[in-house]
Amino acid sequence: MINILLIIIPLFSGLALFLIRNDFVRRNLIVVCSGAHLALTCLTWLKRSNPALAGWFMFDNVSIIFLTITSILFFGASVYAVRYLADESLEHLDEAEKPQIFSREAVFSGCFLLFLTTMTIVIASQHLAVLWVGVEATTLASAPLIYFHRTKRSLEATWKYLLICSVGIAMALLGIFFLAVANNNHSDLLLGKMIAHAAGMNIPWLKAAFLLLFVGYGTKMGIAPFHTWLPDAHSEAPSVVSALLSGALLNCAFLGILRVYQICIAAGLQAYCQELFMFFGLLSIVFAAVFILKQPDYKRMLAYSSVEHMGIITLGIGLGGSAVFGSMVNMIGHSLTKAGLFFIAGNILSYFKTKKIGEIQGLIRGEMQWSGVLWLVGFLIITGTPPSGIFFAKFIILKQALLQKHYGMTFIFLAALAIVFIGMARIFISMTQGPAIKIVGQGDLNKHNRGNAFLSLVPSALFFGLAISLGVYFPAWLSKALAIAAKELGGL
Amino acid sequence: MNNLGDFVVIIVLLMNLMMLSSSRIRTCIRIVAGQGILIGCMPLLNDFHLILPGMVISASLSIILKGFVFPWLLFRAVQEANIKKEVEPVGGYPLSLLIGVMIFALSFWLSTRLVYTKPLVSHLAAPVSFATFFTGAFIIVSRMKAITQVIGYLLLENGIYLFGAAFLSEQSLLVELAILLDIFVAVFVMGIAIFHISREFDHIDTQKLSELKDSIISKQDI
Amino acid sequence: MYLKIAQFILILILSPFLFGVINRTKAFFAGRKGSPLLQLYYDIFKLLRKGAVYSTTTSKFFIAGPIVSLSAVLTALLLIPFAGQPALISFDGDIVLFIYLLGLARFFTVLAALDTGSSFEGMGASREVQFAMFVEPALFLSLAVLTRITGQSSLSGIFSNARMSSWVTYDPLIILVLGALFIVFLAENSRIPVDDPNTHLELTMIHEVMVLDHGGVDFAYIMYSAGIKFWLFGTLLVGIFLKGYSCGQVTASVVFILGMILLAVIVGIVESTLARLRLLKVPHFLIVALALAIVALIISMR
């Protein structure tokens with residue numbers, strides 16, 4: 001029942017949001033709905049519900065972690081969005097909006113909840129074709145979110161996002177068909193059944209299927225060299241949306257890959273898959289490092305940092321052993337921290353009205369000081385400075401790499417991490433230090449205090465707190481849950 | 001060997017090549033629509049006693065969508081967005097055509113690597129579906145207009161559908177419908193995007209969509 | 001043996017007749033009465049009675065051109081079977097000789113054209129060679145497909161092979177090959193849409209412009225070898241189309257000749273309905289033939 005509720009509640013409220021004309025009701029409904037989603041997620045932790053709809057929807061040991069991340073992020077984002085939407089509507093008050101069937105904000109809030117729905121479908125589905133439908137639906141639900149600003153640049157980003165992801169997902173569909181062929185005797189695509197029958201699968205077809213699905217979902221996940229849509233979409237989307245794309249969507253796409261990986265493990269293809277994971281993981285890290293180094297745009301910089309972290313997570317899965325556990329921790333840490341950073345980036349953007357790093361300085365001294373402080377804290381966490389969860393995760397992954405005697409890889413990995421740290425440090429320090437820039441004019445009281453507005457800071461602060469606490473105090477129940485999930489994903 | 005199946009599959013292949021060498025957007029839309037109809041018929045080419053009512057439903061739905069609804073949407077887009085009628089490939093038509101042939105050779109090689117023992121509608125179904133898939137992908141990267149990219153995407157979907165129709169005829173109906181619906185929405189959303197692009201940029205040349213990019217050596221230093 | 005020689009002589013006599021059929025068809029579609037069916041014979045006889053004038057700038061190659069072309073084409077004709085009957089000469093791998101004989105004919109025509117030193121003829125020669133670059137592989141690959149289907153590597157073997165008659169198995173392949181060969185046929189015989197045999201504008205001509213300076217007997221040779229070439233390529237098409245049509249020798253011959261006449265009518269229809277392609281577009285058209293042949297070859301690989 002809970003499984004179905006988790007999907008139905010955001011679905012229907014999302015559809016309803018398109019029709020609601022009152023701004024206050026609409027904004028609060030998002031928060032209420034996300035809150036309900038989070039509450040239901042907590043309930044799922046307490047008591048695993050039975051599979052629903054012929055076993056198509058169920059939360060197993062792996063997906064519950066993804067569900068929790070997504071749910072927490074959405075709740076934080078919805079709180080942030082209230083503030084964000086209010087600001088946006090104030091800003092565009094003078095612009096005579098063209099009469100449209102749905103107002104811009106209604107489309108945004110509706111799609112926001114539909115985005116949550118589709119991601120829940122991806123996470124919950126045990127049927128691989130349904131999972132595919134869910135991933136495709138996330139693209140479609142999030143495209144209007146990216147196009148929120150209705151500018152040329154956001155349109156360009158939306159187009160690239162739509163096209164590249166659609167092609168990637170089409171490739172994944174072919175992969176699913178291959179999987180069905182590999183599964184010759186049993187036409188059912190249910191995960192549990194496939195794992196049970198994995199031993200009798202047709203190996204060449206399964207290999208091809210994994211490759212196609214890896215590239216297909218990898219496109220959506222932002223694995224280099226298929227990540228090209230990611231910086232564009234992340235930089236042009238509203239910051240709330242960037243946070244969700246980076247923190248939740250990429251993970252969901254990764255879940256798609258992990259599902260197939262589970263089947264491949266059962267079919268005895270683990271080594272083949274791990275090689276792919278390691279290669280593309282390392283490639284993503286190196287790609288990201290190269291592009292972060294001279295990045296002039298701070299939102300794009302964050303996007304490349306997401307590519308880097310997706311690379312780390314993939315690498316960890318590829319190494320196997322305890323590194324899988326590290327990957328899971330890194331995923332949680334990255335999602336929380338990156339979302340928080342994007343919220344702050346949204347604050348900075350709405351105050352300075354520029355995404356150029358060179359035009360911003362003195363964040364911690366000016367009116368934006370709290371945002372500035374959080375910006376620095378977020379930087380330290382995301383680059384893996386102890387004592388954060390991400391440090392802990394990277395440490396485990398490195399240890400595993402050394403244990404397996406992948407010295408060359410370890411070297412490249414460390415060098416890339418160092419480059420990322422240097423590149424990001426330069427950007428963050430130049431933005432936060434120096435004399436403060438005072439934005440005068442516009443003479444709006446509301447704007448004056450925006451950077452410090454309580455609601456726009458709390459989600460980030462909370463997320464950062466959680467991310468740090470992962471490194472300081474790791475609750476036993478979470479550790480146990482992660483260990484079980486890691487075991488199912490070929491780890492220890 | 002099913003002769004009719006072979007014929008249909010080879011016509012699908014020739015349509016790919018036609019697509020690569022035709023210069024008019026309207027022709028391209030017609031080709032992709034015709035291909036959609038042909039591929040939609042594929043599941044019905046099996047032996048008669050294997051045809052289930054569900055297959056007829058999904059086949060007819062896909063024929064209606066791919067053969068009539070999508071082309072209608074695309075034609076509307078061409079008309080309303082005042083799109084120029086030339087396809088404008090990167091590198092010219094003869095080169096595209098030769099690449100199309102190479103794609104087929106590659107697909108053929110790929111299909112020989114993947115062994116499948118059960119009888120199929122046509123022994124050429126696998127290579128042609130791969131070729132259609134890759135041709136679609138090639139059209140997406142080599143054509144400059146947003147609308148031709150959507151056509152390429154449809155071609156790619158046709159390839160996948162052909163594969164599914166040939167190899168997985170007994171797949172569950174619900175899933176197939178969901179997939180069709182998804183593609184439908186995708187084309188719809190892309191159609192909307194095309195409208196917006198043509199309004200904002202006065203053209204739908206995606207080469208002009210190049211404000212967002214990174215280079216390793218950025219032009220302006222921080 | 002005598003029968004074969006008789007058939008050979010029959011072809012020698014018959015081949016110019018097909019041009020008359022084409023012209024009549026075109027005249028019919030244009031609403032004209034048209035030239036007589038035997039016009040090409042009249043032209044050839046008229047030219048044979050005349051002498052030739054040779055420019056002082058030309059060398060022996062200019063004289064050799066038409067003669068070598070004609071003899072190469074006639075030798076090729078010896079290899080080609082008639083109505084499912086083996087040809088006069090036939091051995092394994094004679095398709096390669098066949099293609100090279102045609103290449104030799106082309107080579108000497110081009111040499112003779114270049115020998116004149118005229119810019120027009122040089123232009124025609126360059127076009128001829130450029131287009132041959134696409135046509136020859138297409139022809140080669142098409143014949144390779146036929147070889148793969150039948151397991152025979154001689155022309156007579158291919159066309160008299162029983163497996164050719166199994167329409168059911170090789171249908172799609174045969175249609176692809178027919179498509180490729182038809183384009184090759186149009187291009188090699190300088191027909192619309194590749195080249196217009198009736199054009200009067202040197203800038204747009206391909207074959208005609210190469211032979212502008214030939215006259216008298218030489219030109220008669222050229223016209224006659226054009227007729228033979230038409231028959232050669234026509235035989236490939238009609239031979240595949242009728243595929244081992246088995247019946248009495250006489251009936252088969254009659255059916256075959258009727259098939260050739262039908263082909264000429266089809267060419268006439270094509271010429272009356274299509275316009276000549278822009279020169280820049282011609283390679284595109286020829287690559288279609290190449291593409292079809294490659295596709296057929298790939299399919300026949302399994």
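**Helix pair in chain C**

I listed the contact (C-beta atoms, placed from the backbone, within 7 Å) first. Leu40(C), Asp43(C), Ile44(C), Leu47(C) and Leu48(C) in α3(C) meet Gly216(C), Val217(C), Phe219(C), Ala220(C), Met223(C), Tyr224(C) and Gly227(C) in α10(C). By class, these residues are nine nonpolar, two polar and one charged. Ala, Val, Leu, Ile, Met, Phe, Trp, Tyr, Cys and Pro count as nonpolar, Asp, Glu, Lys and Arg as charged, and the others, Gly among them, as polar.

The model is predicted: local features need pLDDT of at least 70 and side-chain atom pairs 80 or more, while totals for chains, interfaces and linings use all residues. Residues are numbered from 1 along each chain as its sequence is written, with chains lettered from A and ligands numbered from 1 in the order written.

Next I took the geometry. Helix α3 spans residues 39-48 of chain C and helix α10 residues 216-242 of chain C. Helices are DSSP runs (H or I, at least four residues), numbered from the N terminus. The two axes come within 7 Å and cross at roughly 150°. Axes are lines fitted to C-alpha atoms over the stretch in contact, with angles from 0 to 180 degrees between N-to-C directions. α3(C) and α10(C) are therefore roughly antiparallel (over 145 degrees).

**Chain contacts**

I then checked the chains. Chains A and C do not touch; their nearest C-alpha atoms are 19 Å apart.

Technical notes: Two residues are in contact if their C-beta atoms, placed from the backbone, lie within 7 Å. Helices (H or I, at least four residues) and strands (E, at least two) are DSSP runs, numbered from the N terminus. Angles under 35 degrees count as roughly parallel, over 145 as roughly antiparallel, 65 to 115 as roughly perpendicular and the rest as oblique.
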